[in-house]
Amino acid sequence: MMRRLRRNSGIRDLIAETKICLDDFVMPFFVVEGNNIIQEISSFPGIFRYSVDNLVKEIKRIWELGIKSVILFGVVDECNKDALGSYAIRDNNVVCKAIKLIKDKVPEVIVISDVCLCSYTSSGHCGIVDNGIVDNSKTVEILSKVALNYAKSGADIVAPSAMADFQVREIRKVLYENGFDNTLIMSYSAKYSSNFYGPFRDIANSSPKFGDRKTYQMDYRNIKQALVEVERDIQEGVDIVMVKPALAYLDVIREVKNTFNIPLAAYSVSGEYSMVKVASQCGILNEKETALEILMSIKRAGADIIISYWAKDLPGWI
Ligand code: PBG
């Protein structure tokens, strides 16, 4: 009987319960100092490090195709790193330059800036390391300065991803004190300690130099804890919450969606992209069809916003 409902593609489209559109998507970008740079790395095919000039051209190109939001990550040389990640609070750093030029050349694009320290600290950890462990208070103080730095440069949304306790509260306070009432905070509320971040750490040059991130990122055996993290962020004044990664955490996305009434983002991370990309290059999977199935599952699970490296490809696919 139900087969009637699958008779042809027109009927299947008519009754499809889940639909994705370009408005749902955010494209991540990696930005480096210099001019005329576009650099690919082997573990992350199809994704590039751009200098600001080329970044703006690429963002303009995808904007014209319908992708309206981007999230930026700065990538710096070892010589620009120190114990405090101070590069991130310089007002002329590469992320600030990128935000300003994007806002000048493609003003309507929504610019989200990742707020973390792992790309800027000599330890490669997401916060300030003191006696071998990440010091939460010192980390939060610096993160709020980083967020303010990007808000001043013109970011529409700041996205703290360090999994520091009270990072949202402190960032919200500092933004208010400085008159940035309209800057949104999208927190990586439930960010798991995941094996799927490998290609990101290669391209962002952000692997921890010792240990791992298990003392601050979540244990993938837990789901109730994710609800506590999200609830805290809501109490601290977050605007958008996030679950990350997405594909191995669809149950977490669904649970957060069912429990809270707040916009929910899901980050389909670098490993999710690369494993399909590389399998497709080996002739094992069809990239487009597999990617659409994954992205649709994230939407079906309840995500309102999907951060995906396939965002750039979607205008040609849907
Ligand atoms: C920074 C950060 C990471 C990712 C986004 N922000 C890496 C990490 O936590 O090690 C990973 C995203 C991806 O894999 O695509 N803390």
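This is a predicted model: local features need pLDDT of at least 70, side-chain atom pairs count only at pLDDT 80 or more; totals for chains, interfaces and linings use all residues.
View 1. Look here for pairs of N or O atoms within 3.5 Å. Lysine 191 has a polar side-chain atom 2.7 Å from a nitrogen atom of the ligand, while for lysine 244 the distance to a ligand nitrogen is 3.3 Å. The side chain of tyrosine 309 places an N or O atom 2.6 Å from an oxygen atom of the ligand. On its own the ligand has 400 Å² of accessible area, and the protein covers 100% of that (Shrake-Rupley method, 1.4 Å probe).

**View 2. The largest pocket.** This pocket holds about 310 Å³ of space, a volume filled by probe spheres set on grid points joined across faces, edges and corners. A pocket is an open set of points on a 1 Å grid over the protein atoms alone, where a 1.4 Å probe fits, with protein on both sides within 12 Å along at least five of seven lines; lining residues have an atom within 4 Å of a point. Among the 22 lining residues, Asn136, Met163, Ala164, Asp165 and Tyr216 are closest to the centre.

**Notes.** Residues are numbered from 1 along each chain, and side-chain values use heavy atoms, without hydrogens or water. Local features need pLDDT of at least 70 and side-chain atom pairs 80 or more, whereas totals for chains, interfaces and linings use all residues.

Methods
A polar contact is a pair of N or O atoms within 3.5 Å; within protein, one must be able to donate a hydrogen and the other to accept it, and residues adjacent in sequence count only if both atoms are side-chain atoms.
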